[in-house]
Amino acid sequence: MEQMDKQEKTTRKLKKQLKIYMRKLEESDNTSLDQPCTENGVGEVLPEVSILRKERHCQGMLEYGKEDEANLFKTLITDLKPRGVAVSLTPGLPAYILFMCLRHADYTNDDQRVRTLLHSSITSIKNVLKKRSRDFDTVSFWLANTCRFLHCLKQYSGEEVYIKHNTPQQNRQCLLNFDLTDYRQTLSDLVIQIYQQLIKCMEDLLQPMIVAAMLEQETIPGVLGLKPTGLRKRTSSSFTLESMLKQLDSFHSTLLQHGNDTDLIRQVLKQQFYVICATTLNNLLLRKDMCSWSKGLQIRYNVSQLEEWLMDKGVQGGGVRETLEPLIQAAQLLQIKKKNQEDAEAIATMCTALTATQIEKILNLYTPVNEFEERVSASFMKSVRALLKDRQESPQLLMDSKVLFPFSFPFNPSPVALESLQIPQSLNLSFLMRL
């Protein structure tokens with residue numbers, strides 16, 4: 001009903017404008033237009049070319065009144081729900097809208113409005129992230145838009161290092177009056193803060209799944225006769241490798257949908273795959289019931305599913321797959337023969353991603369589950385220890401699962417033409433006027 005009321009008001013407004021245009025045309029051409037206008041008549045009086053000409057001359061700026069300032073940030077940032085209206089938006093649209101408003105303030109040389117717009121945008125984003133700190137969709141959405149807003153400030157700064165990627169039209173739209181370098185640093189700091197919050201959200205969702213999916217799940221498709229290897233009965237868990245992969249699917253699709261840069265997504269996945277590896281390996285190092293040949297087979301199969309998932313998503317390079325190497329080598333260590341000097345040398349050569357402390361711990365915990373396997377002898381342990389004694393590394397047993405890799409977000413210019421962007425009615429930003 002509210003939409004219908006708005007449409008009726010718009011219709012009345014357009015009819016009034018139409019009458020004014022008709023009178024002007026009548027006065028200039030001495031043509032009588034008193035007859036009732038049909039739809040076809042209106043089409044003839046106001047040809048479609050007038051609308052097209054207005055779009056063609058659009059400068060890619062948005063203007064709003066002082067009275068609408070608070071409403072802009074409330075509607076565009078505070079009340080915007082990533083799972084609602086934002087799902088259908090052009091990726092990064094809130095960032096483009098903010099920048100187009102900023103361009104108008106710069107064009108009119110209004111330093112107070114520039115300052116207010118930037119300060120209010122940053123403050124509103126921070127408030128939203130504080131209020132919905134555990135909502136992955138919200139954090140992902142504003143990570144993408146804050147990055148895009150920062151990229152826009154660089155792309156249209158007029159600096160040679162950035163404008164060389166622009167089209168001639170984009171270079172004509174560069175900021176004219178203000179140097180916003182300080183605000184770019186503030187936004188850069190905010191991006192890092194949001195990224196760390198995103199990692200925390202993902203870990204909170206993944207952590208409960210990892211041990212159950214990577215260690216405790218027993219079934220390997222196509223391998224018959226594999227029996228549970230646990231020496232003690234574990235409580236059943238609803239978390240499986242499949243459910244963990246579905247969660248990773250959800251993360252990946254949401255990050256893409258919100259317009260996060262490919263390089264940023266690769267860094268996010270690298271961090272999460274490291275957590276999967278560290279959590280799995282640490283539990284393996286503390287549980288005797290998980291150190292057997294058949295469990296090594298199970299772990300290697302699970303890791304191969306993660307590797308296949310990365311290939312399916314086209315995530316290549318960036319060290320993502322390499323984060324799984326300690327777990328791969330631990331699985332191989334459980335499966336390799338452990339009898340003579342040659343086997344000891346093979347272990348020393350193969351297990352470069354594991355520390356000597358971790359290798360010795362796994363060998364000490366190794367427990368045969370059938371008559372075909374043998375315990376690791378004291379003499380074999382002595383041989384391995386002798387081969388590993390010269391390694392220069394930390395004696396720490398467990399991996400630090402809280403490690404955060406350095407995060408970077410390289411400049412990524414946008415090919416989007418500001419003058420062609422459309423603001424959907426669903427955003428309720430009718431008070432913004434395109435210029």
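Trainee: Which side chain meets Arg 300 in a salt bridge?

Mentor: Happy to start there, and please keep in mind that this model is predicted. Side chains of opposite charge can pair when their charged atoms come close. Here the partner of Arg 300 is Glu 307, with N to O at 3.5 Å.

Trainee: Is Glu 307 buried or exposed?

Mentor: Glu 307 counts as buried because its relative accessibility is 15%, and buried means under 20%. Arg 300, at 24%, counts as partly exposed.

Trainee: How many salt bridges does the structure hold?

Mentor: It holds 17. Glu 242 pairs with Lys 246 at 3.8 Å, N to O. Both residues belong to helix H11 (residues 241–257) and lie four residues apart, about one turn of the helix. Glu 242 and Lys 246 are both exposed. Now look at Arg 287 and Asp 289, whose closest N and O atoms are 3.2 Å apart; both of these residues are buried.

Trainee: On to aromatic rings. How are the rings of Phe 99 and Tyr 156 arranged?

Mentor: For a ring pair, look at the distance between centres and the angle between planes; planes under 30 degrees apart count as stacked, over 60 as edge-to-face and the rest as tilted. The centres of Phe 99 and Tyr 156 are 5.0 Å apart and their planes are at 35°, so this pair is tilted. The pair links distant parts of the chain, 57 residues apart: Phe 99 is in helix H5 (residues 93–107), while Tyr 156 is in the loop between H7 and helix H8 (160–163). Phe 99 is buried at 0% relative accessible area, and Tyr 156 counts as buried at 1%. The structure holds eight aromatic pairs, and ring pairs also join Tyr 195, Phe 407 and Phe 409 into a cluster.

Trainee: Which residue lies over the face of Tyr 64?

Mentor: That is Arg 113, at 4.3 Å from the ring centre. Likewise, the charged end of Lys 270 sits over the ring of Phe 405, 4.6 Å from its centre.

Note on methods. Residues are numbered from 1 along each chain as its sequence is written. This is a predicted model: local features need pLDDT of at least 70, side-chain atom pairs count only at pLDDT 80 or more; totals for chains, interfaces and linings use all residues. Side-chain values use heavy atoms; hydrogens and water are left out. Rings of Phe, Tyr and Trp (its six-membered ring) pair if their centres lie within 6.5 Å; planes under 30 degrees apart count as stacked, over 60 as edge-to-face and the rest as tilted. Helices (H or I, at least four residues) and strands (E, at least two) are DSSP runs, numbered from the N terminus. Buried means under 20% relative accessible area, exposed over 50%, partly exposed in between (1.4 Å probe, protein chains only). A charge sits over a ring if NZ of Lys or CZ of Arg is within 6 Å of the ring centre and within 35 degrees of the ring normal. A salt bridge is a side-chain nitrogen of Lys or Arg within 4 Å of a carboxyl oxygen of Asp or Glu.
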